[in-house]
Amino acid sequence: MPKITFLPHKILLPKGGIFYAKKGETILEVALKNNINIEHSCNRACICTTCHCFVKKGYFSLSACQEEEEDILDKAWGVQLDSRLSCQAKIKDHDIEVEIPIYTINQF
């Protein structure tokens, strides 16, 4: 089972955490089932950017970023090359490391 390391987030997960995922689960699904309340205003419909995250390690071991996700990510606050929508990024076979941004577009 691949593991997801969530880096510390001062509000959602101050000490960070390591959790295990099933192949095909999204980053958001793993976070929510482990009580990490990542905002997801559109209820996983890929029409907002509130579940935006940074994949610090293992970016290419996730499902490919589809055009729809790329278009929505263009609207995210603080987007970087390692940005993904956690509701769309499906886990494959390798471990990943994720950082949850401090701010979402809803806060600006």
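This is a predicted model: local features need pLDDT of at least 70, side-chain atom pairs count only at pLDDT 80 or more; totals for chains, interfaces and linings use all residues.
**Notebook: sheet, core, cysteines and salt bridges**

Residues are numbered from 1 along each chain as its sequence is written, and side-chain values use heavy atoms, with hydrogens and water left out.

**Entry 1: the sheet**

I then followed strand 1 along its neighbours, counting two strands as paired if DSSP finds at least two bridges between them. Strand 1 runs antiparallel to strand 2 (residues 17-20), joined by four bridges, and Phe6 has Gly17 as its partner there. With strand 5 the pairing of strand 1 is parallel, over three bridges, and Ile4 stands opposite Ile96. I read the whole as an open sheet of five strands in the order 2-1-5-3-4, with mixed pairing. Strand 2 and strand 4 (83-85) stand at the edges with a single partner strand each, so one side of each lacks a neighbour in the sheet. The twist from one strand to the next averages 35 degrees, from axes that are lines fitted to C-alpha atoms (for helices over the stretch in contact), with angles from 0 to 180 degrees between N-to-C directions.

Buried is under 20% relative accessible area, exposed over 50% and partly exposed in between, with a 1.4 Å probe and protein chains only. This core has 27 residues, of which Ile4, Phe6, Ile27, Ile36 and Ile38 touch the most other members. Strand 1, helix 1 (27-33), strand 3, helix 2 (67-73) and strand 5 each give two or more residues to the core, and the largest share, four residues, comes from helix 1. For Ile4 I listed contacts (heavy atoms within 4.5 Å), and leaving out residues up to four places away in sequence, they include Ile18, Ala21, Ile27, Val30, Ile91 and Val98.

**Entry 2: the cysteines**

I searched for disulfides, defined as pairs of cysteine sulfur atoms within 2.5 Å, and found zero. Cys51 is buried at 2% relative accessible area, and Cys87 is buried at 9%.

**Entry 3: salt bridges**

With a salt bridge taken as a side-chain nitrogen of Lys or Arg within 4 Å of a carboxyl oxygen of Asp or Glu, I count six. Lys33 pairs with Glu25 at 3.0 Å between the closest N and O atoms; Lys33 is partly exposed at 44%, whereas Glu25 is buried at 13%. Glu99 pairs with Lys56 at 3.7 Å, and because Glu99 lies in strand 5 and Lys56 in strand 3, this pair ties together parts 43 residues apart in sequence. Both are partly exposed, Glu99 at 28% and Lys56 at 35%. Arg84 and Glu69 meet at 2.8 Å, N to O, linking strand 4 to helix 2 across 15 residues, and both residues are buried. Finally, I noted a network of salt bridges that links Lys56, Asp82 and Glu99.

How values were computed: A nonpolar core is a set of buried Ala, Val, Leu, Ile, Met, Phe, Trp, Tyr and Cys residues joined through side-chain atoms within 4.5 Å.
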